[in-house]
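Biologist: I have a structure open and want to learn how to read its features. Where should I start?

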Amino acid sequence: MAGSSVGEGAPGESTERYRPPSGRSKLIIIVVALLVVTNVVTGLTAFYLAQPPVAVTPLCGTGASVRSASVSTSGDIGASGDASPVFTVHFAPPYRTTQATITLIGPWAGSEFDHFKPVLENFTTSTGIPVTYQQMRQEQLQQVLPADFATQTAPGDVIFMTSSFIKANGPQHMIKVNANISDSDFLPGSLDPVKVGSDIYGGVYTGKVKPGFWYRKSFFQAHNLTVPTTYAEFKSLLVTISKIKGIRTPIVSGDSVGWPLSDVTEHFIATYGGASMHRALTNGTKRWTDTDVRAVFADRLVPLLAGGCFSEPLEWNTVALANWWGGLHALYFMGSWITGLVDNATDLGVFSLPPPTGTTTGIVFGGDYFFVPKYTTHQTEALILLKYLASKDGQTIQVKQGGHIATALGVPLSDYPTVDRGVAQLMNGVVILSDLDDTIGGTFQTNFWSQLQLLWVSPNQLDSVLAAIQAKMPAS
Amino acid sequence: MRRLRIEGVTGLLRKLRDRVSGALRGRGSPRARKAGLRIAFFTPALLLIMLFVAYPVLTTIGVSFFDANGRFVGLGNYQQVLGSPDTINLNGFPKPPPYGTLINNAVWIAIHLPLSMFLGLWLALVLREVRGSSWVKTAIFIGMVTPLIIGGIMMLYIYDGSIGVVPRFFDAIGIHSLGVGWLQRPTTLLFGLIFGSVWLWTGFSMIVYSAGLTTIPKEYWEAAKIDGTPTFRTFTQITFPLLKPMTIVVFTMSILYELKIFDLVYGATNPQGGVGGAADVLALQMFREAFVQLPADYGTAAAVATFLSLLTLTATVMTIRYMVKR
């Protein structure tokens, strides 16, 4: 190989007359050979490693979840979430103030922050307290806060964080807020995830509901589809959708690190196992391997996965959203924040899984929680902001922007945009549940996500998946 | 006693100061001046190393002997880590992944090291003295300057079952079992990431070998050509032996990269190593114990860190000693 590029000099000739070989044709051959070799090696290796698809009788069409056709994406998806990893915005009242500036750390950026901005503007105007908003993802905070707490400092005065983190660290590092907010002012159970005994270590802002399957009204109208009222109708709907031309699978599975799949799973548990099973799994009094829990998976979710009714997991806010909105799938299980991600929210409809008669079902509600660290130097101002964010006034401004559901009681339904009003109404008559994996948190959560990703592509591994989930349950 | 000790330390420091200042002013015997200068130049570096390397390393090792509640557990954390199915999970083998972090790191080394090394060497050889090759080399090297976390996110899309170029390629050529999302399946996840990483890392070995090739005098190859030595023999007898220093560098750096791989896997999957934990690696396991676990288990995280450091150190020392001896 090396010798081939040595010059064409004849024996005895001077090395000074050596000319390196050159030529475009050689370069082209090299590039082509490189592409062919790498692709063939990759392909052959992976071919022999690939798992053969599970042989099942597909419920929905041809089991298209393991196949995919050519792509046609819609370009009319709205902006979605974080535009940059960190940004800071300062809010000051429109008059001179001597109040100290406090720092609020929250997860929102981009369009989500635009919807939050009016809330902070109103706060600074009405109280005269300037606020610096700094965006930090909760995954980042999870890494930074323990070190800060160890040195008795905090990066902000009010911090939005997961309820599991607040609960785990509240007694040591957070201010107890029983004197500032009261259970009776919120949806029942909203503050439970941040309580240690009867002590409350955080406030709850608005939240997002994970109500069920979203669809485009125009799609349902065009294909004469109706919202199911029984599980048999739901299955029949999936079969009908799978026969529509251009449909890949009836339901698209959104995924990122695994959490959208956990939301779907929780919805099945809360509907077919009931609110009590969901709560028992959350607090660890029931095992994932129990017969009745397994039955929810084996009888309801697994047949749909094995039958090709769900797509394989696709990146939730780009590929999955675009494919669903573009008509490649008819249904998308997602939280209420989806209303802020699509171009035309008035075309959205949503239905929950039809519950069996006699079961008290629940809807998972993911509240946005926040706390005041003990190490704040502006405790008075921070508690005023905490109280405001948890109040009916603060939350009313937020829900008006769309995509949020209030946890504070007394926010009138008329203040919600139309589509959110529908979501808020779905919560009538059902038990409000805390997000299971957010509440437990820790390595249980990441393991739960990974195991569900596995279940989605290998539904025949149900028992090992449930055992693996149970293995990471924290000791109660 | 305490007073004596303080006086002893003070005396030593005074002596050191006198030596250093004497050396800097050109006083004292040549030997004393030399010693003084050595101390003067050596001390700042030593202090920095003590502060930023030795202290954290020793603290990490120390922490690894305590549990999450601060109780001394001896080697308990190491036992826990090595006995955990997260680290080694071969029960029922042969079976589909996950196999555990230690096995996955070994798979990384077994596949990624030879592929990236020999692909880089091959590229360096074929692109040598070819007009326009600098453009190709630059294109290949772009992978090296891409942050690995971005590389991980790129993998999400490259292997996506719906829009990914790799699944679409296999679907197009009729291999439908690979026309699916690679990162969504435990059997293809790890290999997808390794192949993707080869693409990103090959630029490194290619550049190092290219630099090495420029140091070999052309006369060697010309002499071989004149003697009628076959091309392959020229390579095995002249080119490759003369590239030994480069091979040591590439080999060592690649092993270090493969043992401490984190960001690519984290970017492409999740803190658990993706579907069923099939792509989990030691660095991710360490991260999880320290920053995901509630409450954080720094003892276990430190045990993983120490274990990882030992592996890295052993691999590096053995490689260098072996290569240098030969």
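Modeller: Start with how burial is scored. A residue is buried under 20% relative accessible area, exposed over 50%, and partly exposed in between. Keep in mind that this is a predicted model.

Biologist: Take A:Asp290. Is it buried, exposed or partly exposed?

Modeller: A:Asp290 has a relative accessible area of 24%, so it is partly exposed. Its side chain meets that of A:Lys286 in a salt bridge, 3.8 Å from N to O.

Biologist: What is the idea behind a salt bridge?

Modeller: Side chains of opposite charge can pair when their charged atoms come close. Over all chains, this structure holds 17 salt bridges.

Biologist: Which residue pairs with A:Lys208 in a salt bridge?

Modeller: A:Asp368 does, with the closest N and O atoms 3.3 Å apart. A:Lys208 lies in strand β7 of chain A and A:Asp368 in strand β14 of chain A, so the pair ties together parts 160 residues apart in sequence.

Biologist: And how is that pair placed for burial?

Modeller: A:Lys208 has a relative accessible area of 8%, so it is buried. A:Asp368 has 15%, so it is buried too.

Biologist: Which residue forms a salt bridge with A:Lys195?

Modeller: A:Asp192, and the closest N and O atoms are 3.7 Å apart. Here the two ends score as follows. A:Lys195 is buried at 15% relative accessible area, whereas A:Asp192 is partly exposed at 40%.

Biologist: Which residues are joined into one network by salt bridges that share partners?

Modeller: A:Lys472, B:Asp86, B:Asp280 and B:Arg288. That network has members from chain A and chain B.

Biologist: Next, disulfides. What should I look for?

Modeller: A disulfide is a covalent bond between the sulfur atoms of two cysteines. The count over all chains is one. It joins A:Cys60 to A:Cys309, with 1.9 Å from S to S. The link is right-handed, with 75° about the S-S bond.

Biologist: Where in the chain do A:Cys60 and A:Cys309 sit?

Modeller: A:Cys60 is in the loop between α1 and β1 of chain A. A:Cys309 is in the loop between α8 and β11 of chain A.

Biologist: How do I read a nonpolar core?

Modeller: In soluble globular proteins, nonpolar side chains tend to be buried together. The largest nonpolar core here has 108 residues. Among the members that touch the most others are A:Phe234, A:Trp288 and B:Leu193.

Biologist: Which element gives the largest share of this core?

Modeller: Helix α8 of chain B, residues 186-214, with 12 residues. A second, separate core has 50 residues, including A:Phe91, A:Ile175, A:Val177 and A:Leu389.

Biologist: What is B:Leu193 in contact with, leaving aside neighbours within four places in sequence?

Modeller: Its contacts include B:Trp108, B:Met155, B:Leu183 and B:Leu264. B:Val265, B:Ala268, B:Thr269 and B:Ala279 are in contact with B:Leu193 as well.

Biologist: Now chain B as a whole. How many helices and strands does its secondary structure come to?

Modeller: Chain B has 14 helices and zero strands. Of its 326 residues, 47% count as buried. Look at contacts in chain B between residues at least 6 apart in sequence: 61% join residues at least 24 apart. The accessible surface of chain B comes to about 16600 Å², and 70% of that belongs to carbon and sulfur atoms.

Note on methods: Residues numbered from 1 in each chain as written. Chains lettered and ligands numbered in written order. Predicted model: local features only at pLDDT ≥ 70, side-chain atom pairs only at ≥ 80, totals over all residues. Heavy atoms only, no water. Core = buried A, V, L, I, M, F, W, Y, C linked by side-chain atoms within 4.5 Å. Buried < 20%, exposed > 50% of the residue type's maximum accessible area, 1.4 Å probe, protein only. Helix = DSSP H or I, 4+ residues; strand = E, 2+ residues; numbered from the N terminus. Contact = heavy atoms within 4.5 Å. Areas by Shrake-Rupley, 256 points an atom, 1.4 Å probe, with all protein chains shown as cover. Disulfide = S-S within 2.5 Å. Salt bridge = Lys/Arg side-chain N within 4 Å of Asp/Glu carboxyl O.
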